[in-house]
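Please go through the assignments for this model one at a time.

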Amino acid sequence: MYPTSFAHLFLRLTNVNNKWDFLLPNFKQIVYKKNSIIKGTEQFLFFLEKGIIHTSFTSISGTEWIFIFQQQGCIFNELAIFDNPMKFQYTTNTECTIRQIPVKTVQSLDFIEKYPDLYINFIEMLALKESISYSYFSDLAYSSAKSKVCQAILALANEHGKAVFNPGITQSEIGAMLGLHQTSVARVVQDLRKEHILGAFTKNHVEIFNLDLLKQISEEVNAPQENFYF
């Protein structure tokens, strides 16, 4: 309804890999409490049976970036299968039930021959996340702080399909996803209120008064940031 490339970030991926469900009883189940840290490992893929997690990593500048949210029916830690040096960290936003899928099992020829449809599904997931990451980093590099926050608010409105909604995400979490300090997000929100574009903005309640102006600001593009690096 309110198109913006940042919409991918706030749409929580759900059931992307639900074709793997029938195999789950074969793998170890672990329950994590809310706010637990699950570190990326080279030994396992993780399947999220229940709950919500977000993925983050620390850039070379020392900034922690929240990358994406996922819900039940999704595989994560997929880079483990490629021996990639980039390490992600996963944080549980709720109590979560996880299945550990050994990478060696998935890489075996027997598994590939027996379950080709699961490999197709896995590749489709990688393509989806690649499109999200391309959009994400392009927007971060070319958008001002105000533009980024407006895109994020529009993305949340797009997810909920209306201008007044419960976002379920804090200004601090939005900042972490956009590469902005919480105070920068708060400053933009304050400016938007003064301009009568935005009303309330809390974790449980957002009011958008002027979608057209919000969209106009979100589309402002700057030259690439000179100090922008990951």
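**Values against definitions**

Q: What is Leu-198 in contact with, leaving aside its neighbours within four places in sequence?
A: In this predicted model, Leu-198 is in contact with Ile-153, Val-189, Leu-192, Arg-193, Val-206, Glu-207, Ile-208 and Phe-209. Contact here takes heavy atoms within 4.5 Å.

Q: Which residues touch the most other members of the largest nonpolar core?
A: They are Ile-153, Leu-192, Leu-198, Ile-208 and Leu-214, in a core of 28 residues. At least two residues of this core come from each of strands E5 (64–70), E10 (198–201) and E11 (206–208) and helices H5 (145–160), H6 (171–178), H7 (182–194) and H8 (211–218). H5 gives the largest share, seven residues. Another core, of 24 residues, lies apart from it and includes Val-16, Phe-27, Phe-111 and Leu-118.

Q: Why is H6 called roughly perpendicular to H7?
A: The axes of H6 and H7 cross at roughly 110° and come within 8 Å. The range for roughly perpendicular is 65 to 115 degrees, so H6 is roughly perpendicular to H7. The crossing of H6 and H7 is right-handed. On H6 the contact is made by Gln-171, Ser-172 and Gly-175, and on H7 by Gln-182, Val-185, Ala-186 and Val-189.

Q: What makes Cys-74 count as buried or exposed?
A: The relative accessible area of Cys-74 is 0%. Buried means under 20%, so Cys-74 is buried.

Q: How do you know whether Cys-96 is buried or exposed?
A: Cys-96 also has a relative accessible area of 0%. With the cut-off for buried at under 20%, Cys-96 is therefore buried.

Q: How many disulfides does the rule give?
A: A disulfide needs a pair of cysteine sulfur atoms within 2.5 Å. By this rule the count is zero.

Q: Why does Pro-25 count as exposed?
A: The relative accessibility of Pro-25 is 64%. Exposed means over 50%, so Pro-25 is exposed. Pro-25 sits in the loop between helix H1 (7–10) and strand E1 (28–32).

Q: How far apart are Pro-25 and Arg-99 in sequence and in space?
A: They are 74 residues apart in sequence, and their C-alpha atoms are 8.6 Å apart in space.

Q: What share of the contacts with a separation of 6 or more comes from residues 24 or more positions apart?
A: Such residues account for 78% of those contacts in the protein.

Q: How many helices and strands does the protein have, and what percentage of its residues is buried?
A: The protein has eight helices and eleven strands. Of its 230 residues, 48% are buried.

Note on methods. Residues numbered from 1 in each chain as written. Predicted model: local features only at pLDDT ≥ 70, side-chain atom pairs only at ≥ 80, totals over all residues. Heavy atoms only, no water. Buried < 20%, exposed > 50% of the residue type's maximum accessible area, 1.4 Å probe, protein only. Core = buried A, V, L, I, M, F, W, Y, C linked by side-chain atoms within 4.5 Å. Helix = DSSP H or I, 4+ residues; strand = E, 2+ residues; numbered from the N terminus. Axes fitted to C-alpha atoms, helices over the stretch in contact; angles between N-to-C directions. Parallel < 35°, antiparallel > 145°, perpendicular 65-115°, else oblique. Left-handed = near helix turned anticlockwise from the far one by under 90°.
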